[in-house]
Amino acid sequence: MLHGHVRPPAVTNEPNLGYAPGSPERAELERTYAALGERAIDLPMFIGGREVRTSDTVPLRSPHKHSHVLGQVHRGGPGEALAAIDAARAARDDWARAPWTTRAAVLLRAAELLATRHRATLNAATMLGQSKTAHQAEIDSACELIDFWRFNVHFMWQLLGEQPQSSPGTWNMLEARGLEGFVYAVTPFNFTAIAGNLPVAPALMGCTVVWKPAASAAFSAHFIMQILREAGLPPGVINLIHGAPQPISAAALGHRDLGGVHFTGSTGVFNSMWGSIGAGVAESRYRSYPRLVGETGGKDFILAHPSADVDALAVAIVRGGFEYQGQKCSAASRVYIPDNLWLRVRDRVLAMMAELTQGDVGDLSNFVGAVIDQPAFERISGYIAHAKGSASAKILAGGGADSSVGWFIQPTLVETTDPGFKLMVEEIFGPVVTAYVYPEEHFEDTLRLVDASSPYALTGAVFATDRHAIERALVALRHAAGNFYINDKPTGAVVGQQPFGGARASGTNDKAGGVYNLLRWMSPRTIKETLVPPIDWRYPFLGPRK
Ligand code: NAD
């Protein structure tokens, strides 16, 4: 234990590299992309510091070229889940006792390794495995993950500094204990940064973790684990397990020592986990009440006021709706445009869409890649087919899909006359934007529509130059989005700048990458020391009358 008011290094956001033609980072990324894609690798589980292989393997394929096998994923079942839980429990006491500087140093070293010698590897893995372009990988698997790891150290340090008052003769202290038991981290496919943050944030606070990544993101998960090990993460602190989610979750959620769940993914899955934990609480299954943190689905909106800037609005629709094939939880999916602007906005958007390039993300001139897998391809195609067959909608651009080489769905713009249309209210999670055109004098009614049309409340944007309209939207849409944007696209939250998360059916809104989230992984202990304890039981009011 160090004696001193130790302060972690000052923290700033990791700058994005540009990958312009001829740049050294582009050359390195292209080399690494080619090398990683050259031959299929083994993707084992990591339990108690050991690589665990099973005979139950499945090939992991590139979404934009599904004939390309990147690796063989070794899947476990309830037995491996219990082994991972045991490893986490065995590692817990030493890890929880370690000074915060020890835990912080592992993360800071991991961030530095990622910022330097492993940046190209994790970016290339994210491109190959999740079909992100170089730019989308850079802002996710490099910058956002580096930021999560560095900023969380800074936020933990701030939290530790929050100490209670002491009255004369006493000394009060607050100790940030990691949760008892283990944390079960379940991560989605769409952000490598989220996958790298969800197990690590509880670990930083002194918890030990069983981590189950999305099957389709097993490639980048493998390299995250390698970086953490190289950074010095002790065996058993984070245990990575692959396999069918239901039996693994049943083992984790059925365990007496479940201390918390750190989840990001779809609303339905989180609801079912909550239900199972609720039943467990009712039957006194757990030692403590498990902490439940879940960031879930979205149906993110852009609302334009009649005073909006048309060019800015059109760019926000294209970038917000189609970057990473619309597979960001924050992606713009429903837009509300007044009729005074619609034709100009539509034509600007269509002109940009005609220029969007789509294909293999290894070709850095492409702006969009493929959607993650066949079920996603079929689900999104189903929504497009529904729009094609509906009298209240028409496809203005895109609408095509081709699965012959990869899971490609064209960026698609739909116009509907029905604000309650299926594509306006359900999460699609693909490159499909649906627009509803409202009479310009009906801004107030449209605010109500935006607020009430969908069960979600993750992100949303208002475009206006009229300050009163912005004020109205801020008030009327107070609960419609946990991340609200004024004259900006609803995607691209930055750690330390726009803490991220939504409410209603979008999650518990514990704001990943902020103190709010870290608070959930600690169980404070208050310590009071009385410096000179009383030695007479009588209070002054019991003294003799004068
Ligand atoms: P998903 O719900 O299919 O999977 C998420 C994780 O849950 C994966 O690890 C998966 O294996 C696991 N899982 C699936 N079924 C399970 C079950 N029955 N029991 C236990 N675990 C199970 O989500 P996805 O397709 O990976 O990601 C897309 C979803 O995530 C979208 O709904 C998106 O909006 C949401 N998302 C939300 C945020 C946010 O911050 N709110 C961020 C990213 C993604």
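Start with the ligand: its shell takes at least three residues from each of domain 1 (47-163 + 172-296 + 507-526) and domain 2 (300-486). The domain bounds come from an automatic or database domain assignment. This is a predicted model, where local features need pLDDT of at least 70, side-chain atom pairs count only at pLDDT 80 or more, and totals for chains, interfaces and linings use all residues. Residues are numbered from 1 along each chain as its sequence is written, and side-chain values use heavy atoms, with hydrogens and water left out.

Select the 26 residues around the ligand, each with a heavy atom within 4 Å of it. Thr187, Ser266, Thr296, Cys329 and Glu427 come nearest. Now color by class: 13 are nonpolar, 10 polar and three charged. Here Cys and Tyr count as nonpolar, and Gly as polar.

Next, pick α9 (245-253) and β10 (258-264), which each supply at least two shell residues. Helices (H or I, at least four residues) and strands (E, at least two) are DSSP runs, numbered from the N terminus. With three residues, α9 gives the largest share.

Zoom in on polar contacts, pairs of N or O atoms within 3.5 Å. A side-chain N or O atom of Ser266 lies 2.5 Å from a ligand oxygen. For Lys212, a polar side-chain atom is 2.8 Å from a ligand oxygen.

Finally, move to the open, mixed sheet β1-β5-β4. Strands pair if DSSP finds at least two bridges between them. β1 (41-43) and β4 (57-62) are the edges, each with a single partner, so one side of each lacks a neighbour in the sheet. Select Asp42: Gln72 in β5 stands opposite.

Conventions:
Polar contact = N/O pair within 3.5 Å; in protein donor to acceptor, adjacent residues only side chain to side chain.
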